[in-house]
Amino acid sequence: MSSRGSSEGSAPARGGGTPPAGRRERLSSRLVLGQRLWEVALDRERGLLSWRDPEPCPRRAASRESCAVPISEIIAVEETEINTKQSKTVKWQKMTKPHAFTVYHVKRAQNHRWRCNDITFWCIDEHLCNQWILALKELLDLQTSRPKHLLVYINPFGGKKQGEKIYEEKVAPLFSLASITTDVTVTEHANHAKDDLFEVNLNKYDGVVCVGGDGMFSEVMHGLIGRTQKDFAIDQNNPKASLAQCNIRIGIIPAGSTDCICYATVGINDPVTSTLHIIIGDTQPLDVSSVHRNNAFLKYCVSLLGYGFYGDVLKDSEEKRWMGPARYDYSGFKTFLSHHYYEGTVSLLPATHAVGSPRDKKYCRTGCRICKQSKQRLEKEQRNHEKGIKGKEEGEWKVIRGKFLAINAANISCACPRSPKGLSPAAHLADGSADLILVRKCSRLNFLRYLVRHTNQDDQFDFSFVEVYRIKNFQFTSKHFEDGDNDVNDMQKKHFGQFCRDHPACCCILPNSTWNCDGETLDSSAIEFKVHCQLIKLFARGIEKSKHEAAHKQAK
């Protein structure tokens with residue numbers, strides 16, 4: 001018995017030389033894995049490495065044990081020195097020197113977690129071993145979406161201040177294994193990364209990686225978008241401007257307190273999982289919304305723009321950062337007891353191009369059909385608009401006045417470990433729309449029922465005081481701004497707002513709330529919000545369908 005190698009349509013590999021690079025054929029050999037001989041095959045056409053037991057299982061004569069790994073999920077291939085004692089456990093290999101290679105690949109674990117797994121094959125034929133290494137490396141070289149050189153920013157202050165440790169212990173070794181080189185900057189102050197991105201030569205890099213929380217991602221995103229608009233001479237202060245897409249991808253290594261963006265685009269906050277998505281070169285487009293006031297640019301938003309409850313929680317928690325993550329629970333409870341509502345006018349433009357709706361329970365998953373179709377329809381709508389063709393698809397503005405406990409614009413589901421469904425479970429990552437959720441004034445008990453539904457499977461929009469719209473633009477103006485009370489400090493004094501904050505059980509109206517823009521406070525009595533379809537790209541693929549979701553779809 002001996003190890004053998006062959007290529008379909010060619011002479012046996014043992015004496016036939018190395019197959020020409022790029023030739024479409026199937027390489028097949030019997031190699032040792034562990035202490036057993038396996039039939040190993042490399043299908044270049046299908047991009048698949050597979051191995052199976054050459055002999056049927058005695059208990060299940062019709063079946064054979066088999067495994068497979070897509071080439072797209074192989075991280076690296078290396079020649080390996082194998083333990084001689086291990087090779088001698090296979091009797092027929094005595095007195096021979098083993099030649100081995102190790103394949104490092106993605107292995108899926110529970111809850112969307114990925115791990116780097118390794119398998120080592122060996123044989124006694126050095127030429128055959130080299131042939132396998134060369135064939136696998138040739139196929140890896142064809143994975144052109146993979147990054148080779150990355151710019152990395154590390155926030156050493158975010159979350160539990162573990163950014164540098166996480167990068168050095170969990171991320172850097174995997175980048176090194178995948179032969180990815182990096183230029184690393186540890187940020188020293190706020191907007192360090194943003195300012196740097198306006199000056200750095202981005203043509204040197206295949207992507208920008210941020211190690212930190214949502215705030216660090218926001219800083220990198222603002223830097224890249226701002227730099228791109230500057231390069232294309234686009235005025236960010238014009239709320240009607242069509243922004244230029246950013247072609248360089250962003251990778252997120254979660255090391256913050258919430259990491260909402262990472263959770264919603266990968267399915268888990270895990271540094272190793274995110275690193276592996278970067279290495280294999282995944283690409284996920286992402287919508288970004290711009291926020292303006294009076295033709296002045298304020299911020300970009302990718303997850304939540306919240307007014308009322310979520311704005312008040314954030315503002316109160318910012319004053320208690322010394323409490324750590326517990327500040328969110330404290331401020332949330334305090335704000336809930338306050339039960340403040342805010343009066344104003346919302347004007348919204350429905351996203352008529354969008355294929356789905358906020359309550360259709362069609363969740364955004366890898367390769368989302370709704371995102372693709374919505375983008376196609378939006379592009380058609382924009383072409384017609386440029387040609388001066390006005391159609392029904394443009395839609396009409398809807399005006400809503402009232403007293404609101406919360407006004408939330410969700411670009412994405414806003415899912416996180418505490419709220420696995422998020423604020424809007426059926427919101428999509430890249431369909432050119434956002435879900436606008438209006439929570440009108442109601443009793444504390446009803447508002448509590450609404451909040452609780454973010455943590456269970458019940459429909460959180462099934463209340464008479466909750467309205468949800470899929471939009472591409474919206475504007476908000478507070479009543480006090482409409483009445484001419486433009487100075488925030490004067491309003492606080494005039495309406496005793498500070499008194500109310502010190503007595504959280506008062507349940508009265510305050511003149512203005514604060515906007516929660518992706519976890520950063522934004523003070524403005526009047527804003528304009530516009531969604532920009534697929535403005536940036538991430539090293540991600542969206543959340544993969546679970547086995548339950550896949551089975552449910554097949555059953556339909």
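**Aromatic pairs, strands and helices**

Phe447 and Tyr450 lie three places apart in helix H12, which means that about one helical turn separates them. An α-helix has 3.6 residues a turn, so residues three or four places apart point the same way. The structure described here is a predicted model. Both Phe447 and Tyr450 are buried. Helix H12, which spans residues 444-452, also holds Leu445. Leu445 has a relative accessible area of 58%, above the 50% cut-off, and is therefore exposed. Together with Leu448 and Val452, Leu445 forms a nonpolar patch on the surface, and the accessible area of these residues together is about 260 Å².

In total, 17 aromatic pairs were counted in the model. One of them joins Trp51 and Phe121, with 5.6 Å from centre to centre and 75° between the planes, an edge-to-face arrangement. Trp51 belongs to strand S4 (residues 48-52) and Phe121 to strand S8 (residues 114-123), so this pair ties together parts that are 70 residues apart in sequence. The relative accessibility of Trp51 is 6%, so Trp51 counts as buried. Phe121 is likewise buried, at a relative accessible area of 0%. The rings of Phe447 and Tyr450 also pair: their centres are 6.1 Å apart and their planes stand at 25°, so the pair is stacked. Phe447 and Tyr450 are members of a cluster linked by ring pairs, which also includes Phe309, Tyr310, Phe336, Phe463 and Phe465.

Strand S2 (residues 26-33) is antiparallel to S3, and eight bridges are found between them. Within this pairing, Leu31 has Trp38 of S3 as its bridge partner. Two residues lie between the strands in the hairpin of S2 and S3, where Gly34 adopts a positive phi near 70°. S3 and S4 also run antiparallel, joined by five bridges. Here Asp43 is placed opposite Leu48 in S4. The hairpin of S3 and S4 has four residues between the strands, and Gly47 has a positive phi near 65°. Seven of the eight residues of S3 are buried, so the strand is largely enclosed by the rest of the structure.

Helix H6 covers residues 214-231, 18 residues in all. The distance from its first C-alpha to its last is 25 Å, close to the 26 Å expected at 1.5 Å a residue. H6 is mostly covered, with 15 of its 18 residues buried. After H6 comes Ala233, which has a positive phi near 55°.

Technical notes
Residues are numbered from 1 along each chain as its sequence is written. This is a predicted model: local features need pLDDT of at least 70, side-chain atom pairs count only at pLDDT 80 or more; totals for chains, interfaces and linings use all residues. Side-chain values use heavy atoms; hydrogens and water are left out. Patches are made of residues with over 30% relative accessible area and no salt bridge: like charges are joined within 9 Å, nonpolar side chains (Val, Leu, Ile, Met, Phe, Trp, Tyr) within 5 Å. Accessible areas come from the Shrake-Rupley method with a 1.4 Å probe; for residues, only the protein chains shown count as cover. A salt bridge is a side-chain nitrogen of Lys or Arg within 4 Å of a carboxyl oxygen of Asp or Glu. Buried means under 20% relative accessible area, exposed over 50%, partly exposed in between (1.4 Å probe, protein chains only). The expected span of a helix is 1.5 Å times one less than its number of residues. Rings of Phe, Tyr and Trp (its six-membered ring) pair if their centres lie within 6.5 Å; planes under 30 degrees apart count as stacked, over 60 as edge-to-face and the rest as tilted. Two strands pair if DSSP finds at least two bridges between them.
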